[in-house]
Amino acid sequence: MKFQIPIGPQHPALKEPLGLKMTIEGEVIRDADIRLGYNHRGIEKVAEQKNWIQNIYLMERICGICSHSHATCYVQGAEKLMGIMPPARALYIRYMVSELERVHSHLLWLGVAGHEAGFDSFFMYVWRDREIVMDLLELISGNRVHYAINTIGGVRRDLDESQKTKILEGIKTLQKRSEYYLYIGVNEPSFVARLAGVGYLSKEQAMKLCATGPTAKASGIDRDVRKEDPYAVYDELEFDIAVADTCDVLGRTVVRIKEILQSYTMIEQMVKKLPVGDITVKAPRRPKPGEVVARYEAPRGENIHYIKSNGSDRPERLKVRAPTLANYAATIEMLKSGFIADIPLIFAAIDPCICCAERSVVLVDASSGAEKTVPMSELRRLGIERHKNSPIKRNLAWLY
Amino acid sequence: MKIGVMMPELLRALFKKPATVDYPFVRLAPPPDFRGSPFLKPELCIACLACERDCPAEAIEILSTNEAEKRFMMTIHIDRCIHCAQCVDSCPTDAMAMDMIFEIADVTRLRMKKQWEYVRATVKIKPPPAKPPASPAPA
Amino acid sequence: MAVLRTLLYLFIYPGLLFLFIYGTFCEWFDRKVYARFQNRMGPTQTGKFGILQPVADFIKLLAKEDVVPDAVDKSLFSALPAVGLAVVSVAALLLPVWNFDLNVPGPTSFSGDLIVLLYLLTLPTLIFFLAGWSSTNLFSTVGAARVITMLFAYEVPLFLAVLSPAILAGSWRLAEIAAFYQHRPLLLLPNLIGFFVAIIAVQAKLERTPFDIPHAETEIVGGTLTEYSGKKLALFRLMLDIELVVSSGLLAAVFLGGFPGGAILGFINFVIKTLFIILILSLLKAMTSRIRIDQVVAFSWKYLAPLALVQLLIVIILKGVLT
């Protein structure tokens, strides 16, 4: 006897609203359906109305955990459009913050996986050690999340010797603790019983459904933007790509912990080899017309920004393809023929950043329940008609 | 099959001091470069409007109150501010700076505005000091 | 006069007021120890060392709005918390701490009261099942099904493990079992396997990690207690606290040699031994993660029940050797 159980939009297992409709029979899932758009904020349209510098801060606020990925991907694209290259010291500082953000994001995920599985002690210990990374980031950039260290043409803050010493000390402590968590995660019997064999995604399926990031790396696909398309400093650093071949949630856990162990060696290399020089290059207010695609390896996978400029001081079109959006199709495949008890873990294993991947696809009439699929051209037309192409009304739209 | 892998760590933790900071009775100090809220040093402001133009949140308003005497009034809306410090970077004369206060929560937005009334300064914008040549950027 | 004494026993000591105070004290101890295992502080500001925190939670829940959904079976839904509290309070009256003198037995110590205590401890599980079932909510139904499935898993090992020391002592009466082990404390050692089996089975009965599947927060929202709020939820949580006291009292009476020493000293003994059992239960809670319902059933029938049978075998052989 099949019946439908809704997970979300409000559910303790989800950090952000998302509609999952499962068709279950007993305790086994037969089918799943995902609904997006509960948190749609219209960021791509707002980006067309702010100038190039203001957009850095807007891009940061797409997500809290991977804020630096979006800002850096955007700045990479904008710098290519303007034809400028930041100095080497700026690149080292920028990508050191990237690797620190990868560490913080994976430690966050590890704690959340422990909490979803019911292993609260693990969750508390991992988040206690994540405070070390947050304090380091606050030291470098002035804030624990939304680091705002990028500007077009370089970075905004410099590193001095005391900060470098503190970074190296913090990384050494974290390395020992991370190896301990790898040992616990793989050896605690009740935890492994929850993770092993759950959410199976074979290598062919992962390639067919375009999975990316640790979700694909746990199925044996060793693709990483940092190795294939090395931008900036990644071709000067030595590191490996972490892969596993168990194709399940335990593999994804192991891949993420190995990735942060690699990040520690990368951060150490970057601090020791930090070149001297400027931290920024003067950027023009208006780039030349053109379009660019920027790629970046976010903690969750490959992040793609497409930017089109028409020569003014605002972008003409900015499109964000966050990695979680690519992993949704793989999630549906993983959910089929799993147990109800595994839903939070399977969903959490792709490290969902639902706010990054908001798309408004289906409009539902509140009174009649009728659904209508809306194409992009229609949304654009409705938006333009509503505001009649008007410029920003400064100081008039505010009520206070 | 190992049983109780985490037990030694848990038992050791019984005798260690807890890692929790007992806020609000104990407060940790923010680091030196912390980005709090912006404030103006009126004697340095030349009213170029660069901060107003570059603020992502439209939190800075500069109005001219008296054209002849070159009087301006700046209002910073702390409730709209996103604490990004772009105003500090855009300002050519060091007139904007960030403070270190982070406990700025209030019950109403109307109390979170700061205002300065001043006469435009005639500070000369210093050229940036000569820096050592930068190492060549990768191709 | 006798009526006044009975009312005193029922409402003050060892009745409802004492159980309320001691139950909330045990919950505080459990939360504080669990927090210290995880290197954090636990409750700190309500009362000295946060000792009044569970009382504050209880009072807060009493003051909240009590929402009863339209589709539930109203009489069953509303009666269950009070019935549950009554059941565990009666079970608490059977503990041998207030019947410390075998020559002057109270009305709650009689031959066979161990079996009655075990029966009264099974009823809360049924009450949780009925609570989930009468809520007619999708999540509650799944939670109710899980509660009953777990009953099939842990009940047999628990009974076998608790009955083994009783067989060695040759009596079904808790006060006599406690007195037997007070005279010959060395005979507590052969019961060690049974002690571990009973600790794990009691953890499953109390629905704590690794067996807190019925009210797994991240999966089925609240499980059986999803639709309860306000006063009813307050009574359910008090019932869980008193169930903790009763279970640890049972284990202390049967496996740790009871509470010798008369009225005052025996009471102090009771507090120390039950807190020791709660310490072990908290360590088990902090050390493991939640496992799935089919894994619980497989684990208990593959490991726990055979171990309990081994314990029974040891006890029978020992009894034959001793007599």
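The model is predicted, so local features need pLDDT of at least 70 and side-chain atom pairs count only at pLDDT 80 or more, while totals for chains, interfaces and linings use all residues. Residues are numbered from 1 along each chain as its sequence is written, chains are lettered from A and ligands numbered from 1 in the order in which they are written, and side-chain values use heavy atoms, with hydrogens and water left out.

**Chain A overall**

Chain A has 14 helices and 10 strands; these are DSSP runs numbered from the N terminus, with helices being H or I of at least four residues and strands E of at least two. Its C-alpha trace spans about 65 × 55 × 45 Å along the principal axes. For 400 residues, a compact globule would have a radius of gyration near 21 Å, and chain A agrees with 22 Å. That radius is taken over C-alpha atoms, and the globule rule is 2.2 Å times the number of residues to the power 0.38.

The accessible surface of chain A is about 16000 Å², and carbon and sulfur atoms hold 55% of that. Areas come from the Shrake-Rupley method with a 1.4 Å probe, and for residues only the protein chains shown count as cover. Take the contacts (heavy atoms within 4.5 Å) in chain A with a separation of 6 or more: 70% of them join residues 24 or more positions apart.

**Two helices**

Here are two helices set side by side; the expected span is 1.5 Å times one less than the number of residues.

| Helix | Residues | End-to-end C-alpha distance | Expected span |
|---|---|---|---|
| α4(A) | 88–117 (30 residues) | 43 Å | 44 Å |

In α4(A), 29 of the 30 residues are buried, so the rest of the structure largely encloses it. For α10(C) the count is 22 of 26, so that helix is largely enclosed too. After α4(A) comes Gly118(A), with a positive phi near 95°, and α10(C) is followed by Gly257(C), with a positive phi near 85°.

**Rings and charges**

Rings of Phe, Tyr and Trp (its six-membered ring) pair if their centres lie within 6.5 Å; planes under 30 degrees apart are stacked, over 60 edge-to-face and the rest tilted. That rule gives 26 aromatic pairs over all chains. One of them is Tyr234(A) with Phe239(A), edge-to-face at 6.1 Å centre to centre and 65° between the planes. Tyr234(A) is buried at 3% relative accessibility, and Phe239(A) is buried at 6%.

Tyr234(A) also has Arg226(A) over its face, 5.9 Å from the ring centre. Such a charge needs NZ of Lys or CZ of Arg within 6 Å of the ring centre and within 35 degrees of the ring normal. In chain C, Lys285(C) lies over the face of Tyr34(C), at 4.5 Å from the ring centre. Chain C also holds a cluster linked by ring pairs, with Phe18(C), Tyr22(C) and Trp28(C) among its members.

Lys205(C) sits in helix α8 (residues 192–205) of chain C and is buried at 4% relative accessibility. Its contacts, leaving out residues up to four places away in sequence, include Tyr154(C), Glu155(C) and Glu243(C).

Ala97(B), in strand β4 (residues 96–98) of chain B, is buried with a relative accessible area of 15%. Beyond four places in sequence, Ala97(B) touches residues including Phe39(B) and Val88(B).

Technical notes
Buried means under 20% relative accessible area, exposed over 50%, partly exposed in between (1.4 Å probe, protein chains only).
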